[in-house]
Amino acid sequence: MKMYVKFDFNALCKKVLDEKLKEQGLKYRLLNFGEVEFYESFTKEQHKVFKKNLEDYGIEIIESQKIALVQKIKDAIVELVFSDEIVPVKASIYIAEKLNHSYGYLSNLFSEVTFTSIENFIILQKIEHAKELIIGNKQSLTEIAHKLNYSSVAHLSTQFKNTTGVTPSQFHKIVAKRRKAQSILVNY
């Protein structure tokens, strides 16, 4: 038997942060996603223990402001792409307004730190979301293209194939074939 679950990574990370901070008795408040404000200083040993506890969950403390800003860019992109609502502005405007920096600055910083462009990261996130939506099997390709702000199904299909090596239709067939094979094994 198989079960599909959907994760809210923001909520999950906030819960882990909150639990781990309370365990150490630190006085804090959670700000925006990925930001914690401490009301008092803590020892190097407390910092070390807290860092280790977070690493067990795949969460790491960011020491550099540049890397922190790049993470905020990534978070804004994921929020934009995976939003249930269609955002009526271009991604560049959304990111610049959300982070209160010029898009040129953010774009250069992102490329410097990640060795890829914001545009490429957006495409990768859109394709990941498209794959999830195809697997969910509740929307047509036209609806998925519209939801992900593509100008057409052809544009989505081209980017999907360039990224994954298969078209969305081929991907859907592969998923359906695997589901059928698994259901046969379960019933056998």
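**Salt bridges, fold and loops**

Reply: Let's start with Lys66, which is partly exposed, with a relative accessible area of 42%. Buried means under 20% relative accessible area, exposed over 50%, and partly exposed in between (1.4 Å probe, protein chains only).

Me: Before we go on, what sort of model is this, and how are residues numbered?

Reply: It's a predicted model, where local features need pLDDT of at least 70 and side-chain atom pairs count only at pLDDT 80 or more, while totals for chains, interfaces and linings use all residues. Residues are numbered from 1 along each chain as its sequence is written, and side-chain values use heavy atoms, with hydrogens and water left out.

Me: OK, back to Lys66. Which residue does Lys66 form a salt bridge with?

Reply: Glu112, with the closest N and O atoms 2.8 Å apart. The pair links distant parts of the chain, with Lys66 in helix H3 and Glu112 in helix H5, 46 residues apart. A salt bridge here is a side-chain nitrogen of Lys or Arg within 4 Å of a carboxyl oxygen of Asp or Glu. Helices (H or I, at least four residues) and strands (E, at least two) are DSSP runs, numbered from the N terminus.

Me: And how exposed is Glu112?

Reply: Glu112 counts as partly exposed, at 44% relative accessibility.

Me: How many salt bridges are there by that rule?

Reply: The count comes to 8. One of them joins Lys22 and Asp18, with 3.2 Å between the closest N and O atoms. Those two both lie in helix H1, 4 residues apart, about one turn of the helix. Lys22 is exposed, at 55% relative accessible area, whereas Asp18 is partly exposed at 24%.

Me: What about Lys131 and Glu128?

Reply: Their side chains meet in a salt bridge too, at 3.0 Å from N to O. Lys131 and Glu128 are separated by about one helical turn, because they are 3 residues apart in helix H6. Glu128 is partly exposed, with a relative accessible area of 37%.

Me: Let's zoom out. How many helices and strands does the protein have?

Reply: There are 9 helices and 2 strands. From the N terminus the order is α-β-β-α-α-α-α-α-α-α-α. The protein is more spread out than a compact globule, because its radius of gyration is 20 Å, well over the 16 Å that the globule rule gives for 188 residues. That radius is taken over C-alpha atoms, and the rule is 2.2 Å times the number of residues to the power 0.38.

Me: What does the C-alpha trace span along its principal axes?

Reply: About 55 × 50 × 30 Å. Buried residues make up 26% of the 188 residues.

Me: Charges next. How many positive and negative side chains are there?

Reply: The protein has 27 positive and 22 negative ones, and the centres of the two sets lie 8 Å apart. Lys and Arg count as positive and Asp and Glu as negative, with His and the chain ends not counted. Each charge is placed at NZ of Lys, CZ of Arg, CG of Asp or CD of Glu.

Me: Now helix H4. Which residues of H4 are buried?

Reply: In H4 (residues 91–99) they are Tyr94, Ile95, Ala96 and Leu99. What covers them includes helix H3 (65–81), helix H5 (103–114) and helix H6 (118–136).

Me: What comes just after H4?

Reply: Asn100, which takes a positive phi of about 60 degrees although it is not a glycine. Most residues other than glycine have a negative phi. Asn100 lies in the loop between H4 and H5, and it is exposed, with a relative accessible area of 69%.

Me: And what is phi of Phe115 near?

Reply: Near 65 degrees, a positive value in a residue other than glycine. Phe115 sits in the loop between H5 and H6 and is exposed, at 75% relative accessible area.

Me: Last one: is Gln159 buried or exposed?

Reply: Gln159 counts as buried, at 16% relative accessibility. Its place is in helix H8 (residues 153–164).

Me: What is Gln159 in contact with?

Reply: Leaving aside neighbours within four places in sequence, Gln159 is in contact (heavy atoms within 4.5 Å) with Ile123, Ile127 and Tyr150.
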